[in-house]
Amino acid sequence: MKWFIVVVTLLLAGCSTAPQYRVVDGTMLGTTYHIVAETTLSNKQIFEEMQRINSEANASMSIFNPQSLLSRINSNQTDSVDIHIARNIEIASKINALTPRYDITVKPLVDAYGFAAKNREAKPNIDSLVQFVGFEKFRLEDGRIVKSDSRLQIDLNSIAKGYVVDLIAEWLNSQGCENYIVEVGGEICAKGVNAKGIAWRVGVDTPFENNQTPGLHQQKVVQISGSALATSGNYRRFYYNEQGERISHTLNPQTGQSQTTSLLSATVIAPRCATADALATAFMASDEKDAIALAKSLCDSISVYFVLAPEKGKEEYREFSTLNE
């Protein structure tokens with residue numbers, strides 16, 4: 001009997017699965033995701049959880065899904081929020097308190113400029129639209145959104161990807177994962193080390209116009225562990241209107257104008273990806289001087305790396321950084 005117990009014990013030990021680095025890729029939120037994690041979970045388990053998170057996020061926060069909760073809030077079919085929208089509004093309000101250049105009520109402008117899969121207007125009537133834009137024009141009260149004007153609409157695209165990255169990281173943490181990197185559409189959260197035992201390395205793309213291939217041309221490589229990273233820039237999502245003016249997807253909520261300055265890309269490293277995502281947008285909606293001033297005012301747990309346009313007559317990009325290197 002003792003020999004039988006020993007044999008069974010050895011067989012059970014042999015069947016246990018040791019953690020190994022898994023790589024899972026797929027699509028969510030209209031973009032791609034990439035996950036590398038040291039875990040006992042199977043690729044199938046990770047993939048299925050990503051599908052669940054994607055479905056939940058799409059049903060809650062998507063402005064492209066007309067049946068999402070946010071779309072129904074925007075069309076005044078309901079005023080009730082769920083936990084995801086409430087959390088995003090809370091984070092967004094903190095960034096808006098730092099700078100009014102970050103505002104999630106810009107959807108009327110996003111629509112008019114054609115950045116929400118709608119037919120763009122040749123000459124958007126900006127003056128008529130900005131009167132519906134402003135964080136002060138709504139509030140969250142007992143799980144309900146109270147609008148001062150029914151035409152106010154919310155767009156969470158500047159924070160939702162980062163928020164979903166945080167959700168995925170929280171799930172991996174709950175599964176006992178100590179080493180992983182999560183990337184959704186360029187927004188990243190990393191913990192621990194990679195398979196080589198060193199901190200995760202992330203490239204920041206060179207922001208030249210129409211650089212459409214992530215990772216091919218890199219301006220800088222940074223190491224992250226136990227933090228999140230998000231980059232925003234105006235070198236991929238833009239178009240030229242009939243007047244030949246360059247219209248980028250970054251909009252100034254105060255003027256309603258497309259924002260293009262000497263700040264070409266803004267990378268933010270923060271404890272949470274939603275915060276990094278929102279701040280990167282806030283920086284891009286600011287001019288160089290204001291962006292640098294805001295970066296210097298942030299707490300020590302948040303750092304930035306800016307790529308700035310070359311000085312007149314020069315070719316080299318300028319940089320501003322608060323990274324601890």
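This is a predicted model: local features need pLDDT of at least 70, side-chain atom pairs count only at pLDDT 80 or more; totals for chains, interfaces and linings use all residues.
## How the helices pack

Helix α7 covers residues 160-174, and helix α8 covers residues 273-284. Helices are DSSP runs of H or I with at least four residues, strands are runs of E with at least two, and both are numbered from the N terminus.

The axes of α7 and α8 lie 7 Å apart, at an angle of about 165 degrees. Axes are lines fitted to C-alpha atoms over the stretch in contact, and angles run from 0 to 180 degrees between N-to-C directions. α7 is therefore roughly antiparallel to α8 (over 145 degrees).

## The strands

Strand β1 (residues 20-28) runs antiparallel to strand β2 (residues 31-39), joined by nine bridges. Strands pair if DSSP finds at least two bridges between them. Thr27 has Thr32 in β2 as its bridge partner. The two strands form a hairpin with two residues between them. In the turn, Leu29 has a positive phi of about 55 degrees.

β2 also pairs with strand β5 (residues 180-184), antiparallel, over five bridges. Val36 has Ile181 in β5 as its bridge partner.

## Reading the values

Residues are numbered from 1 along each chain as its sequence is written, and side-chain values use heavy atoms, without hydrogens and water. Local features need pLDDT of at least 70, side-chain atom pairs count only at pLDDT 80 or more, and totals for chains, interfaces and linings use all residues.

Technical notes:
Angles under 35 degrees count as roughly parallel, over 145 as roughly antiparallel, 65 to 115 as roughly perpendicular and the rest as oblique.
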